[in-house]
Structure formats: C-alpha cells, structure tokens
Amino acid sequence: MTTRKRKKSLLLLPHSESPGGQTDGEAPKRSVQCQSSESVHKSLSKDESFSPYFSMRDDAVRLTHSFFDQPCVHLAKAFLGKVLVRKLADDKELRGRIVETEAYLGGEDKASHSAGGKRTERNTAMFMEPGTIYVYPIYGMYLCMNVSSRGEGAAVLLRSLEPLSGQDVMRGLRAAKRKEGAKTLKDKELCNGPSKLCQALDIQRCFDRRDLATDTDVWLEREPEDDSVCDREVVSAPRIGVESHGEWAMKPLRFYLRGHPCVSVLNRDAERQMGSQSCTDSSVLGLCKTERTV
C-alpha cells in the first residue's frame, strides 16, 4: 500500500486508505470496550431471524443471512433503499436509508484491503461469512463501516444514508466530533459520507466482525412497501479516492440513487451516460415494481 498525500476531505476515503500511517500488516488498535450497553454484545443463533432484545416497527422486515449471501456488486446495489438501524443504550433507534455504496471485490481488486488475497488482523472481517461488519479507522480518528458479501475477501462500503428518524440525536453525535461554534448541520449533511454516517449512528470500532443479520445493536431492514430499486435509477461511477490503483480506479463500482440529495459526491458524467430514461411511476427513490431481493 503506497503512501498518498492526505486530501482536505477526510470523510470520503475508501478501503484502500490506511489510518494514521497504519499498514495492513499491523494489528489495529481496538477499543477496550463499547460504551454503555455496547460492552455486552448479545447475538442470536443463525436459526433465529429476529432478536428478542430490540423493538422493531410492526411493518418492518429485518434482513437475514440469505440477503447478504450474494455477489459483491449485487449486494452493493441491493443495499440501496434499505434501512440501517442503530439501537442506542437508551433504546433510542436511529434510522437511515442507504443511498450510496461501493463494492470491493476481494483479491483481484487492487483498491481493496484484501487485494492479492492478503489477510491481516485488520481485514479479517472481509473473509468472514456474508453479512459480517467490517469497521476500520482512517487517520486514527474516523471510522468506515463495511459489510462482507459472497466472495473471498469481498465487502461493500456504506457511503451515505438518508436520515429517517433520530435526526436530533444524529446531529448531537456529529456535533461532538466537530469544532465548537460550527454551523448546525442540515439533515442531508448528517450522513452524506462513510465516516459521517458512522459518527451520526455511533458506529463503534468494536462493531468489527459482528453479524449484521443477528446483532442487537445494529441491523438492516426492508420496509414492506419498499420494492427493489430500479436499475435505471442507480448511477454506476468510479469509486472515491482510489486514483492510485490503475485500471481499478476507473471501474464503475460506486453505486448511488440518481438525484438523491444525500449522496456524498455526484458524478455528472456517469449520470449523463445514463440518458434521460427513468422508471415509470417510480417514487423519489426510484423504486420499481420488481421482484424483491429478499
């Protein structure tokens, strides 16, 4: 992994970035324990689809292992429109709809932490079963959340969310990491970047290697009325911050919902290439009447 000049924006970094001079071969610095309720991690067996420890909305459907067990690119697209839920120690639930992801394909992908099939203490989660959370630090002060997919060393980076509930709490969590006197963040600015969403949802380092399908503190939901996102509303563009990785820098492995205000970085060239075709009778999120992925 080569050393690159740090950019002014620290919140738009991909898998390929190392935190604060740490190399992939070094063991990551782990938190002693998660704060409050996070210090005791409860999880379900694989035979159970839902946890008795959290309260779900009556109309929400928690996504299970079968959803995560699909090829990386497919999973990255399938995440779009799904809802990431974070339950805090006081039982408050924060929700955000995923609007942007990036796929990292494993050993063949030179921009991935697992390039060349390299396994380290840091990237172990990428080689675990689909649905495993991979949280890694960048520059020793920010975090990024990924989810493993089918494929050796493959994972999806969650880049941006649309805040749905708990915005005031999210705003407070973001403010705690910002300079005193900074302007109040708009809702669309709360989770529009991989590290921003980790701050806003209090995603902690100790979430690494936990199972998103069974965890009691963070999980993924599909709303019953939420059908699969129409392919014609998904922009495919090069990933952010991987310019030094040759041909892999240009591969269209970043996916986002066209026209959504919470997307971190728009790619107008990719959008123009899509043309003006759009789904008929689709909602603001471009949801089509197609077969669901679950």
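Which residues of the largest nonpolar core touch the most other members? They are F68, F79, L84, M145, L201, L212 and L220, in a core of 50 residues. The model described here is predicted.

**Nonpolar cores**
- F79, one of the residues that touch the most other members of the largest nonpolar core, has contacts with F67, F68, I98, T101, V147, V156, L158 and L220, leaving aside residues up to four places away in sequence.
- Another core, of 14 residues, lies apart from the largest one, and its members include A125, F127, I138 and Y142.

**Helix α3**
- Helix α3 spans residues 167-175, and Q167, M170, R171 and R174 are buried in this helix.
- An α-helix has 3.6 residues a turn, so residues three or four places apart point the same way.
- Among the elements that cover the buried residues of α3 are strand β3 (93-104), strand β6 (155-165) and helix α4 (194-200).

**Strand β9 and its partners**
- Strand β9, made up of residues 254-257, is covered on both faces.
- On one side of β9 the buried residues are R254 and Y256, while F255 and L257 are buried on the other.
- β9 pairs with β3 in the antiparallel sense, over three bridges.
- Within β9, Y256 is the bridge partner of E100.
- β9 also pairs with strand β8 (residues 234-237), again in the antiparallel sense, over four bridges.
- F255 in β9 stands opposite S236.

**Cysteines**
- A disulfide is a covalent bond between the sulfur atoms of two cysteines.
- The count of disulfides in this model is zero, with a cut-off of 2.5 Å between cysteine sulfur atoms.
- C191 is in no disulfide, and the nearest cysteine sulfur, that of C262, is 7.7 Å away.
- Seen from C262, the closest cysteine sulfur is in C191, and the distance of 7.7 Å is too far for a bond.
- C191 is buried, with a relative accessible area of 0%.
- C262 is buried as well, with a relative accessible area of 4%.

Technical notes. Residues numbered from 1 in each chain as written. Predicted model: local features only at pLDDT ≥ 70, side-chain atom pairs only at ≥ 80, totals over all residues. Heavy atoms only, no water. Buried < 20%, exposed > 50% of the residue type's maximum accessible area, 1.4 Å probe, protein only. Helix = DSSP H or I, 4+ residues; strand = E, 2+ residues; numbered from the N terminus. Contact = heavy atoms within 4.5 Å. Core = buried A, V, L, I, M, F, W, Y, C linked by side-chain atoms within 4.5 Å. Pairing = 2+ DSSP bridges.
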